[in-house]
Amino acid sequence: MADSHAASALAHQFEDLEQQQEAASLGMWIFLATEVMFFGGLFAGYTIYRNLYEPGFAAGSHMLNVTIGALNTTVLICSSLTMALAVRAAQMGKRNALVSFLILTIALGLAFVLIKLTLEWRHDYVEGFVPGLNFTFAGPNAKSIELFFCFYFLMTGVHALHMVVGVGVLGVLLVQAWKGRFGPDRYNAVETAGLYWHFVDIVWIFLFPLLYLIGGRY
Amino acid sequence: MATAAGDLENRVHYLNADYGIKSWLLTTDHKRIAILYMASITFFFLMGGIAAVLIRIHLIEPNGAIFEPGTYNKLFSMHGIIMVFFFMIPSIPAVLGNFLVPMMIGARDLAFPKINLLSWYIFMVGGILTTYAVIWGGVDTGWTFYTPLSTTYANTNVLSAALGVFVSGFSSILTGLNFVVTIHKMRAPGMTWFRMPLFLWAMYATSIIQILGTPVVAVTLVMVALERLFHVGVFDPAVGGDPILFQHLFWFYSHPAVYIMILPSMGVVSELVTCFAKKRIFGYSFVAFSSVAIAVVSFLVWGHHMFVSGQSVYAGIVFSALSFVVAIPSAIKVFNWTATLYKGSISYQAPMLYALGFIGLFTMGGLTGLFLATLATDTHLHDTYFVVGHFHYIMVGGAVMGYLGGIHFWWPKITGRLYPDGWARLAAAIIFIGFNLTFFPQYMVGYLGMPRRYAIYPPEFQVLNVMSSAGASILAVGYAIPLVYMIWSMRYGPVAGPNPWGAKGLEWETPSPPPTENFEQTPVVTEEAYAYGAREV
Amino acid sequence: MWQGFQIRPDQASTIAQGVDYLYYFLTAIDLFFTAVIFLTIFYFALRYRRRSEQEQPQQIEGSLPLEIAWTLIPLGLVVVVFLWGTAVFIRNSRPPAASTEIFVVGKQWMWKLQHPEGVEEINELHVPVNRPIKLTMTSEDVIHDFSVPAFRVKKDVVPGMYTELWFQATKTGSFHLYCDQYCGTNHSLMKGEVIVMEPTDYEQWLSGGIRGGTMAQSGAKLYDQLACITCHGTGKGPSLTGIYGKPVKLTDGTTVVADDAYLRESVLYPSAKIVEGYRPIMPTFKGQVTEEQLLQLIAYIKSLSPQEGKASK
């Protein structure tokens with residue numbers, strides 16, 4: 001019989017919990033498809049201009065801090081690991097492990113955003129690399145470098161926004177996990193959130209080489 | 001037994017289950033949300049329609065009867081933006097789709113009712129923003145926002161209009177997401193994919209386009225906004241951008257978008273033709289697969305809007321070929337609907353008149369698409385009134401008539417009331433006549449070379465313009481009449497009962513108006529769609 | 001005959017009739033199938049009208065042969081139309097080699113035209129009849145479109161790039177020129193006329209209008225004013241003699257053709273493509289030359305090629 005802890009109580013439109021969970025998963029996959037198209041438009045624009053303005057984009061890429069970018073990449077990949085472990089903990093009904101892994105994932109996600117804000121973007125602002133705010137670079141290829149930074153801030157900014165939303169969602173799940181709402185037969189919400197988290201991670205895995213590693217310096 | 005009218009009042013259904021503004025504004029019932037949408041899009045249709053009336057009056061005179069060119073430009077931009085994004089795209093999916101998708105599959109609601117309500121609020125926010133943009137100061141870039149005009153040279157409310165459209169896109173995405181999950185996961189026992197009414201296949205195909213296409217135009221509008229604010233050089237060549245890239249990104253969505261506008265109507269027509277001929281659809285799987293084929297191929301043809309843009313000849317050839325391919329599934333549907341009438345038992349109530357009108361007008365308008373898919377003729381016809389005639393035949397002669405047919409068909413289910421069919425048929429006839437008078441001359445004046453979006457035109461085009469404007473006045477009358485009798489029917493119309501048309505479909509096996517939960521018990525499906533001619537149970 | 005009532009514009013170019021034939025064929029298909037559908041529906045609706053509420057029509061599932069037929073026949077038809085239309089289009093996009101070149105700059109809300117002989121026109125284009133004319137066009141601001149319905153030609157005029165169209169007029173007379181891409185407030189006022197003249201009249205008109213020399217001569221003056229020779233005549237920059245239309249090897253290993261677009265880009269964005277063996281030291285002239293002046297410079301550089309003598313006239 002169904003778990004008496006009605007965390008995700010059966011919504012009235014569904015016949016049974018299984019249908020509800022399948023619907024939630026499919027809904028998340030479709031939502032991720034729309035996200036692929038959304039980021040895809042940006043990637044398409046970036047790729048076209050990267051080909052049109054190779055020297056400028058390479059120069060812009062060199063002005064980014066690869067070390068911090070790599071650090072952030074590591075942070076995110078670890079957070080995907082902890083997220084996967086959280087899902088597994090939920091699957092196995094291990095409440096304490098689930099809570100710990102969720103906290104870790106949240107911490108790593110916040111670390112990512114903080115590193116980006118304080119170490120990268122603040123530096124970019126100080127150096128005058130922010131189009132629209134204070135872009136003051138005036139060497140060769142200045143215009144295409146400005147365009148590069150436009151794409152850089154737009155793409156990493158939208159990505160960071162998705163991270164923040166993800167952290168929020170995980171926060172809500174954390175509270176529910178603490179209250180013992182998840183178990184082997186009702187861990188679907190954690191799994192669905194995990195899907196979203198992994199997707200955000202994958203977007204970064206594409207962003208990092210495209211933004212930081214072009215220009216043939218490696 | 002209580003009278004039918006008493007039954008309407010005594011029985012609890014979704015309309016009287018709860019009263020008060022909160023019960024409407026915070027509803028998660030897909031049927032109430034459908035009505036919220038119906039009210040909103042009717043408002044936007046009136047707004048866009050008033051713009052159209054003003055445009056046609058202005059064009060009676062070659063030098064423009066009323067407006068300065070600057071104001072005229074704002075009018076046609078407003079007409080396009082409001083009609084495309086706030087009427088056509090939501091119309092059938094958000095009104096009829098929301099109401100019927102759960103009922104047709106035997107479910108109690110959509111998969112995500114709260115997201116459904118959210119999508120209406122998002123739509124309203126987008127609508128309010130855009131209304132502000134077009135009324136207070138206006139926008140004069142056309143609904144197509146071509147750069148660098150929109151990013152750099154226009155000094156009208158481009159940002160707020162773009163923002164309004166951007167926001168409304170999410171409403172479209174969420175509706176599509178809801179439908180796809182619902183159709184995949186919540187069909188009643190026995191309702192296999194190939195037992196679904198074709199309206200559901202059409203909604204499914206439409207939803208795929210909404211989900212995959214809308215995000216691209218969303219991100220494109222973000223880039224336009226950024227360009228306008230910061231001049232970074234993404235679309236403005238003066239600072240290194242590529243204006244043709246904008247066109248590619250814009251049309252990548254906006255071409256599939258026109259299939260968002262027509263596919264649902266095609267789904268409605270399948271329902272109407274089968275009911276009013278009392279026959280199963282001829283070639284069910286062909287019609288079903290055609291819907292999906294149209295959705296898929298629609299993503300491959302956007303370049304046919306750009307044959308004279310300066311894109312390469314080879315790109316033009318590829319897009320032209322694919323544009324012909326996308327016409328074929330639509331042709332298949334037209335033949336199948338026509339064949340459905342063969343040896344049927346045909347009655348001519350208003351919904352059927354709209355359906356038959358759709359088939360004829362869509363055929364003519366769709367075939368004018370061939371003129372535009374053909375590279376050599378498109379060179380001459382691009383951006384002339386021929387194009388305006390083409391898309392209005394499909395969208396007004398096609399999609400709007402499909403919408404009206406659907407509203408007339410399911411009105412008894414939605415409201416529990418019947419409207420006077422005589423007036424309805426009269427209105428349908430007036431609309432048909434007014435429509436053809438308005439838009440057929442546009443093909444002719446287009447081939448003669450009259451460009452579109454012209455506030456002032458050479459005098460030799462006046463006769464055809466006056467004919468078009470005369471037709472528009474008739475069309476306006478035709479649209480006004482249903483407003484009157486539909487509203488009248490809500491109070492004074494005869495009670496409809498569960499199935500006034502004798503139609504097949506799960507939605508007709510529940511009372512009119514339906515209870516909030518749609519069905520007392522989850523139905524079990526044992527027969528094919530449109531099982532007319534089966535023994536009455 | 002209705003006075004002045006036409007169903008098609010004048011056929012005033014070599015391609016107009018071909019386009020019209022295609023149009024007539026498409027119209028015939030459209031009207032034919034529309035009539036077939038309308039009449040069939042009409043016939044079925046009458047013949048099979050409901051005579052009693054009890055009648056049970058025969059339920060027909062479908063017919064595979066019919067589906068195949070009405071898939072393949074339309075497919076065959078559209079293939080024919082596609083091939084025909086593409087063939088005409090390809091022919092209509094290739095300007096004949098001996099075309100007279102005329103240069104168009106569109107801007108809000110007027111057309112500026114330059115003949116190579118140096119005559120400049122506004123909103124009017126004088127051309128000789130029965131000679132192929134190639135227009136090279138660009139915009140100073142937003143996207144416009146150069147459209148002459150009587151010739152059945154049209155092409156967008158895009159800022160930042162050159163687009164082309166060609167035509168050969170077959171009748172003398174005056175034919176409407178429209179801007180056919182919405183370009184702002186006075187889009188509908190951006191109209192003009194193409195005035196087709198007998199060759200002798202055209203020559204006369206041409207000689208009456210020359211003021212400052214041919215386009216190439218104006219380009220030479222600019223070349224002096226802007227001191228291009230300090231690099232391009234001393235080996236610091238590549239020599240421009242004979243480069244027009246020839247392949248150029250770049251520092252990144254690729255090869256491009258030195259066409260109009262390449263020359264324009266080199267003046268405005270010199271660091272975009274560097275010729276092999278040279279350093280990126282050319283300054284940009286953006287903001288110092290107008291689009292018309294760019295075309296004059298290009299005409300001058302073209303004139304430095306011995307083979308170009310015929311075409312640039």
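## Where two chains meet

How many residues of chain C are in contact with chain B? In this predicted model, 73 residues of chain C are in contact with 73 residues of chain B. On the side of chain C that touches chain B, the elements that give two or more residues are α1 (16-47), α2 (64-93), β6 (144-148), β7 (153-157) and β9 (173-179) of chain C. The largest share of that side comes from α2(C), which gives 15 residues.

Sorted by residue type, the side of chain C that touches chain B divides into 36 nonpolar, 23 polar and 14 charged residues.

## The fold of chain B

Chain B is built with 17 helices and zero strands. Taken along the principal axes, a box of roughly 75 × 45 × 45 Å is filled by the C-alpha atoms of chain B. The radius of gyration of chain B is 23 Å, and this agrees with a compact globule, because a globule of 537 residues would have a value near 24 Å.

Of the 537 residues in chain B, 66% are buried. Among the contacts in chain B with a separation of 6 or more, 84% are between residues 24 or more positions apart.

## Confidence in the prediction

For the complex, the predictor gives an ipTM of 0.91 and a pTM of 0.93. Chain C has a mean pLDDT of 91, and 96% of its residues reach 70 or more. Over residues 308-313 of chain C, however, the pLDDT is below 50, although this stretch has 13 contacts in the model beyond near neighbours in sequence. Where pLDDT is low, the predicted coordinates should not be read in detail.

Notes
Residues numbered from 1 in each chain as written. Chains lettered and ligands numbered in written order. Predicted model: local features only at pLDDT ≥ 70, side-chain atom pairs only at ≥ 80, totals over all residues. pLDDT = per-residue confidence, 0-100. Contact = placed C-beta atoms within 7 Å. Helix = DSSP H or I, 4+ residues; strand = E, 2+ residues; numbered from the N terminus. Nonpolar A, V, L, I, M, F, W, Y, C, P; charged D, E, K, R; others polar. Rg over C-alpha atoms; globule rule 2.2 N^0.38 Å. Buried ≥ 20, exposed ≤ 12 C-beta atoms within 10 Å, placed from the backbone.
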